[in-house]
Amino acid sequence: MSDQAERLAALHATAFDAPWDAAAFDDLLAGPGVFVVESADGFILMRAVADEAEILTLAVRPEARGRGEGGRLTAGGVAGAAARGAERVFLEVADDNVSALAVYRRGGFAEVGRRPRYYARPDGSRRDAILLARAAP
């Protein structure tokens, strides 16, 4: 495992109920067009291919939330995608993830579609995935 994958997995575990492990991060980081923007309190993992980019995950330590870190990381990721030739950036987020939706909407993302009942919850319920997009600067 790379040190970066271990670091990302540890931070991801603080931010999500179903975190990705270091092996998953190692696999993703080895993929074409994958890049990370990191800070002391979070990171954004993205993939840029041809003229499109996708936000794979955004993680901010719980104790650092509400201070604009998610917005700064998103802006850095969008700028990184544009530098790699992306013209549009996409992501999907659960419809009940209100804080993430607010970060992305403040960052210029708008809903472009939905995947009904896409995310399974531990209690057996399912939530829609909201597809968001914005132009890269």
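Predicted model: local features only at pLDDT ≥ 70, side-chain atom pairs only at ≥ 80, totals over all residues.
Q: Why is the chain called as compact as a globular protein of its length?
A: The chain holds four helices and six strands, arranged along the sequence as α-α-β-β-β-α-β-α-β-β. Its radius of gyration is 14 Å, close to the 14 Å that the globule rule gives for 137 residues, so the chain is as compact as a globular protein of that length.

Q: What makes a residue of the chain count as buried, and what share of the 137 residues do so?
A: Buried means under 20% relative accessible area, and 36% of the 137 residues of the chain count as buried.

Q: How do you know which elements line the largest pocket?
A: A lining residue has an atom within 4 Å of a point of the pocket, and 37 residues line the largest pocket, with Phe 16, Leu 58, Val 93, Asn 97 and Ala 100 nearest its centre. Helix 1, strand 3, helix 3, strand 4, helix 4 and strand 5 each supply at least two residues of this lining, and strand 3 gives the most, with seven residues.

Q: What makes up the lining of the largest pocket by class?
A: The lining of the largest pocket, a pocket with about 1,200 Å³ of space, has 20 nonpolar, eight polar and nine charged residues.

Q: What makes up the lining of the second largest pocket by class?
A: In the second largest pocket, where about 160 Å³ of space lies, the lining has seven nonpolar, no polar and five charged residues. Asp, Glu, Lys and Arg count as charged, and the residues lining this pocket include Arg 47, Glu 52, Glu 54, Glu 92 and Arg 115.

Methods: Residues numbered from 1 in each chain as written. Heavy atoms only, no water. 1 Å grid on protein atoms, 1.4 Å probe; cavity = no way out; pocket = protein on both sides within 12 Å on 5 of 7 lines; lining within 4 Å. Points joined across faces, edges and corners; volume = space filled by probe spheres on them. Rg over C-alpha atoms; globule rule 2.2 N^0.38 Å. Buried < 20%, exposed > 50% of the residue type's maximum accessible area, 1.4 Å probe, protein only.
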